[in-house]
Amino acid sequence: MAAKLNDYPTEARADYVFGCMATNGQDRMTLQRCSCSIDVIASILPYEKYERAETVLSLQLATGEKMSAFKTMHMATEIVAEMRRAQAEAEMVCF
């Protein structure tokens with residue numbers, strides 16, 4: 001279990017916590033909740049899947065004809081849906 005929780009690089013965890021705090025507040029309680037959130041996500045979703053989902057999400061934000069496939073492609077939407085489920089679980093546990 002410990003290895004599974006620690007397969008996320010520190011930079012990825014910090015990036016998530018910074019983004020979470022930018023959205024939810026800049027205080028100590030929010031830091032604890034956001035740290036809890038990434039820990040829960042890491043316990044559900046291996047880092048490889050998290051990284052894929054992050055990549056798909058950034059490609060979905062891009063404009064252009066070639067990038068539109070990432071908004072509708074079944075594989076891409078399933079990857080993102082899996083991450084969204086992990087985030088929802090983390091929100092229920094931590095917030």
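The model is predicted, so local features need pLDDT of at least 70, side-chain atom pairs count only at pLDDT 80 or more, and totals for chains, interfaces and linings use all residues. Residues are numbered from 1 along each chain as its sequence is written, and side-chain values use heavy atoms, with hydrogens and water left out.

Start with the disulfides. A disulfide is a pair of cysteine sulfur atoms within 2.5 Å. The whole structure holds two disulfides. One links Cys20 and Cys34, with 2.0 Å from S to S. Cys20 sits in helix α2 (residues 10–24) and Cys34 in helix α3, so this pair ties together parts that are 14 residues apart in sequence. Helices here are DSSP runs of H or I with at least four residues, numbered from the N terminus. The torsion about the S-S bond of Cys20 and Cys34 is -75°, and the link is left-handed. Cys20 and Cys34 are both buried. Buried means under 20% relative accessible area, exposed means over 50%, and partly exposed lies in between (1.4 Å probe, protein chains only).

The other disulfide joins Cys36 to Cys94, again with 2.0 Å from S to S. Cys36 lies in helix α3 and Cys94 in helix α6 (residues 74–94), so parts that are 58 residues apart in sequence are tied together. Why is the disulfide of Cys36 and Cys94 left-handed? It is left-handed because the torsion about its S-S bond is about -70°. Cys36 is partly exposed, at 26% relative accessible area. Cys94 is buried, at 10%. In sequence order, the bonded cysteines pair 1-2, 3-4.

Now look at Thr30. Thr30 belongs to helix α3, which spans residues 28–44. Its relative accessibility is 5%, so Thr30 counts as buried. Its side chain makes a polar contact of 2.7 Å with the side chain of Asp27. A polar contact is a pair of N or O atoms within 3.5 Å; within protein, one must be able to donate a hydrogen and the other to accept it, and residues adjacent in sequence count only if both atoms are side-chain atoms.

Last comes the core. A nonpolar core is a set of buried Ala, Val, Leu, Ile, Met, Phe, Trp, Tyr and Cys residues joined through side-chain atoms within 4.5 Å. The largest one has 24 residues, and those touching the most other members are Tyr8, Tyr16, Ile38, Ile41, Leu45, Tyr50 and Met83. Helices α2, α3, α4 (47–61) and α6 each supply at least two residues of this core. The largest share, seven residues, comes from α6.
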